[in-house]
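Please open the model in your viewer and keep the sequence at hand.

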Amino acid sequence: PEQITETLEQAAAQLGVKVRYETMTGEVSGAGGLCKLKGQWCVIIDRKVTPADRAATLTEALAQLDTDNVFLPPEIRDALAVARGISARARA
């Protein structure tokens, strides 16, 4: 998961998306996600979550963006495709 997270962080940087690790408190559900802060896309991730949850949060966030022009290993591209399929069904 650490290597996947690193690859996804690099992809986010190429897309101009900032990745921030924050300590989340209160009634927060989930590990974080994609948002827009001051006009810039940002992925905020709870620093207390496991490496696997960090990778999952980044995958879900990047699945919402166009990653066609970013080099990604096939297994990460496949994970993004799966996340996009789930996202499309959730919106329907």
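**The hairpin**

Begin by selecting β2 and β3, which form a hairpin with 2 residues between them. In the turn, Lys 38 has a positive phi of about 50°. Please bear in mind that this is a predicted model.

β2 and β3 run antiparallel, and 6 bridges join them.

**The parallel partner**

β1 and β3, the latter comprising residues 40-46, run parallel and are joined by 5 bridges. Select Arg 20 to find its bridge partner in β3, Ile 44. Then move to Glu 22, which stands opposite Asp 46 in β3.

**The whole sheet**

Now display the 3 strands together: they form an open sheet in the order β1-β3-β2, with mixed pairing. The edge strands are β1 (18-22) and β2 (32-37), each of which pairs on one side only. Neighbouring strands of this sheet are turned by 30° against each other on average, direction ignored.

**The helix across the sheet**

Select residues 51-62, which make up helix α2. This helix lies across β1, β2 and β3, and runs at about 155° to β3.

Finally, return to β3. Why is this strand largely enclosed by the rest of the structure? Of the 7 residues of β3, 5 are buried, so the strand is largely enclosed.

Technical notes. Residues are numbered from 1 along each chain as its sequence is written. This is a predicted model: local features need pLDDT of at least 70, side-chain atom pairs count only at pLDDT 80 or more; totals for chains, interfaces and linings use all residues. Side-chain values use heavy atoms; hydrogens and water are left out. Two strands pair if DSSP finds at least two bridges between them. Helices (H or I, at least four residues) and strands (E, at least two) are DSSP runs, numbered from the N terminus. Axes are lines fitted to C-alpha atoms, for helices over the stretch in contact, and angles run from 0 to 180 degrees between N-to-C directions. Contact means heavy atoms within 4.5 Å. Buried means under 20% relative accessible area, exposed over 50%, partly exposed in between (1.4 Å probe, protein chains only).
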